[in-house]
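This briefing covers the structure shown below.

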Amino acid sequence: MYGLVNKAIEEMVRSHFSDEIWEAIKQKAEVKTEAFVSMEGYPDEVTYRLVGAASEVLELSPAEVMHAFGKYWVQFTAQAGYGELMEMNGDDLPEFLENLDDLHARVGVMFPKLQPPSFDCDEEDEDELTLHYHSEREGLAPMVMGLVEGLGERFETEVDVNHTHSREEGADHDQFTVKYRVKCPFH
Amino acid sequence: MISSQLSTESSAPSINPFERSLPPDCFAKIFPFHFVFNRNLEILQAGEVLQRISPEGLIGGKLDQFFQIQRPKVALDFDTLLKRSKKLFLLEALVQGFQLKGQLMHVQAEDVMFFIGSLWVTDLSHLKNYGVKLQDFATHEPTSDFLYLLQAKSTALADTTKLAEELTSKQAELEQTLQMVQEKNDNLQTALKQLEATQDQLIQSEKMAALGQLIAGIAHEINTPLGAIRSSVENIADFLERNLDTLPSFFQNLTQECNQFFADLLHSASQDRLILSSREKRKLKRRNIRVLEAEGIDQPDDMADTLAELNCLEGVEAFVPLLQSPAGRQTIQMAYQFSTLLNSTKTIKTATDKAAKVVFALKSYSHFDHTGSKSETNLIHDIETVLTLYQSQLKNGVEVIRNYAPIPKVACFQDELSQVWTNLIHNALQAMDYQGILILDVKQQNNQVQVNITDSGQGIPAEVMPKIFQPFFTTKPPGEGSGLGLDIVNKIVTKHEGEISVESKPGKTQFTVSIPLS
């Protein structure tokens with residue numbers, strides 16, 4: 001997992017809670033790193049430990065932490081210098097989700113060790129699509145749900161995400177149905 | 001296996017490996033920024049995205065109306081360009097300012113030139129200005145990847161900058177902390193100096209407090225000689241009042257013989273007197289009375305007394321001729337009065353010496369050295385000064401035994417060591433309630449001067465012993481002792497790199513102070 005992810009977890013805890021809570025989480029996770037370097041690869045274990053410790057300290061389930069983190073990730077990456085790239089990747093939620101795999105594929109070809117996930121979209125209806133999520137990693141499906149919700153906020157679109165197929169429950173890969181509706185600017 | 005495959009292929013009909021080409025619409029899709037121009041530099045065809053971001057009239061327009069060549073630096077001429085078909089071309093759009101990077105390809109059959117290339121940007125924000133999205137680039141071409149890399153580089157740079165800033169800020173914090181530590185250190189140094197000054201003042205205050213307790217005794221020591229001086233002066237004044245008128249005629253009428261007697265009598269009076277017991281004196285006096293009576297001298301008792309006062313207890317027979325004449329008796333009376341004058345002046349001298357000694361001791365004791373440096377000091381002299389001040393407390397019941405061995409002068413803070421002797425002597429006197437034996441031993445031992453102060457008091461109880469050097473510890477009633485005395489003594493001795501110890505049992509308490517000589 002590259003440092004940007006760990007940095008995002010740090011930033012989320014610091015901004016939503018406090019510096020002291022972040023230090024407590026880091027201590028519980030036995031993470032000694034003072035500052036994460038964005039483009040540096042860190043063992044996945046570091047991220048999992050941080051999420052586990054955050055879950056204990058904040059008294060939330062790991063899934064809840066990952067869900068919140070997914071939402072925050074959209075906001076964080078936009079602020080962390082990737083806003084323009086995101087803008088270039090689509091003007092609305094379905095277009096962005098359609099291009100989401102390209103974005104990760106390009107990251108993957110440039111930084112092969114990072115093993116970014118893969119996404120695929122099937123348009124089911126005018127306002128519904130199926131999002132296929134393939135990852136080498138486990139337990140990050142809740143993050144994808146938060147991510148889609150975060151993107152909904154970014155594109156001012158109401159979203160309803162359902163985790164229909166779960167790898168943890170034996171499916172080949174995780175699948176989500178995403179129902180969306182652009183918010184009326186007058187409401 | 002390979003050779004058989006090769007032989008099979010070599011036997012197949014020969015085909016042009018490049019006979020397949022993309023249909024024009026596919027070509028246009030994978031080169032969205034391409035364009036084609038003829039020998040007249042007229043643009044015949046352009047990719048969709050290039051058309052979209054260029055001004056209207058691109059197709060059919062002249063190349064030099066829309067672009068200028070930045071690289072290579074050549075004239076915009078078909079033949080010139082033809083010769084450089086392998087060069088990297090960098091074109092700049094004249095209106096929007098975007099750049100196209102690519103190469104030229106001449107198609108002989110149609111005599112047209114293809115520009116195959118793509119939009120060249122080094123900053124993502126430019127894409128937005130030109131109205132281009134990442135999806136406008138052909139998927140195969142690396143421009144998007146380049147932009148991702150560029151962003152990754154920017155992020156890494158931002159990280160580095162942030163880390164550098166944090167490092168700078170931490171360094172500043174560290175320097176600030178160091179400065180604070182330095183300031184605190186300075187403050188502590190100042191506090192230490194103030195403490196030392198306060199300690200000096202405390203020592204001086206304790207000295208003055210001890211002096212306050214002594215002052216009644218010292219006043220008595222000065223008052224006694226003053227009383228002697230006063231009575232002597234009264235004697236002298238009384239004599240002068242009574243005799244001033246008659247003295248000139250007395251000396252004028254003095255016969256030569258009487259004059260000699262007068263001188264002899266005064267000489268005798270001024271000599272040291274024989275040390276005789278009262279009984280011996282009475283015996284001599286009775287003898288003299290008998291001699292004077294036998295010679296028919298008037299008032300032999302009085303005359304014998306007068307002669308005794310004039311230190312003439314023996315050989316009164318020599319004065320008989322003089323006493324038998326009225327002038328002679330008058331001469332003896334006058335000599336007697338003059339001898340009392342002499343005695344008065346002697347008394348005044350002794351009294352002033354005594355008072356001066358007390359005043360000198362007082363002055364030495366209360367002196368406060370502000371120089372802060374050590375001076376070569378005679379410790380015995382200082383101990384004697386303290387004893388002088390305690391004279392009135394000592395003389396009624398304390399026997400002082402001085403065992404002073406010769407010692408060299410000691411480099412010390414004299415005022416402070418005086419305080420040590422005062423305190424220890426004062427404690428010793430109090431311990432034996434001003435009745436007993438005070439022994440002072442001073443000697444050199446190796447490279448130290450050792451002073452023992454021993455009293456014959458009741459001793460220090462064992463349970464009190466561990467606390468006696470603690471500040472504010474006192475066994476005296478409230479108001480009588482600050483409890484700082486021995487604490488100060490200890491501090492002063494330590495300051496001199498010396499040692500103090502105490503041994504005590506009923507009837508003998510000994511404080512030992514050792515001060516190094518160098």
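Helices (H or I, at least four residues) and strands (E, at least two) are DSSP runs, numbered from the N terminus. On that basis chain B has 17 helices and 13 strands. The model is predicted: local features need pLDDT of at least 70, side-chain atom pairs count only at pLDDT 80 or more, and totals for chains, interfaces and linings use all residues. Residues are numbered from 1 along each chain as its sequence is written, and chains are lettered from A and ligands numbered from 1 in the order in which they are written.

**Nonpolar cores**

- A nonpolar core is a set of buried Ala, Val, Leu, Ile, Met, Phe, Trp, Tyr and Cys residues joined through C-beta atoms within 7 Å.
- A residue is buried if 20 or more other C-beta atoms lie within 10 Å of its own, exposed if 12 or fewer, and partly exposed in between, with C-beta atoms placed from the backbone.
- The largest nonpolar core has 43 residues, and those touching the most other members are A:A8, A:I9, A:A54, A:F69, A:V144, A:V148 and A:F176.
- Elements of chain A that give two or more residues to this core include α1 (3-16), α4 (62-88), α6 (141-154) and β4 (174-182); the largest share, 8 residues, comes from α4(A).
- This core lies between domain 1 (3-60) and domain 2 (91-182) of chain A, because both give residues to it; the domain bounds come from an automatic or database domain assignment.
- Two residues are in contact if their C-beta atoms, placed from the backbone, lie within 7 Å. Residues touched by A:F176, leaving out those up to four places away in sequence, include A:L131, A:V144, A:V148 and A:H163.
- Another core, apart from the largest one, has 34 residues, among them B:L379, B:V386, B:V420 and B:L438.

**Sheet of chain A**

- Two strands pair if DSSP finds at least two bridges between them.
- Four strands of chain A form an open sheet in the order β1-β2-β4-β3, with antiparallel pairing.
- Its edge strands are β1 (118-125) and β3 (157-165) of chain A, each pairing on one side only.
- β3(A) and β4(A) pair in the antiparallel sense over 8 bridges, and A:D160 has A:K179 of β4(A) as its bridge partner.
- α6(A) packs on the sheet and touches β2, β3 and β4 of chain A, its direction making about 160° with that of β3(A). Axes are lines fitted to C-alpha atoms, for helices over the stretch in contact, and angles run from 0 to 180 degrees between N-to-C directions.

**Loop residue A:E138**

- A:E138 sits in the loop between β2 and α6 of chain A.
- A:E138 is exposed, with 10 other C-beta atoms within 10 Å.

**Chain B**

- Of its 518 residues, 24% count as buried.
- β1(B) pairs in the antiparallel sense with strand β2 (residues 43-46) of chain B over 3 bridges, and with strand β6 (residues 112-120) of chain B over 4 bridges.
- The bridge partner of B:V36 in β2(B) is B:Q45, and B:N38 stands opposite B:V112 in β6(B).

**Contact between the chains**

- Chain A gives 16 residues to the contact and chain B gives 18 residues.
- On the side of chain A that touches chain B, the largest share, 6 residues, comes from α4(A).
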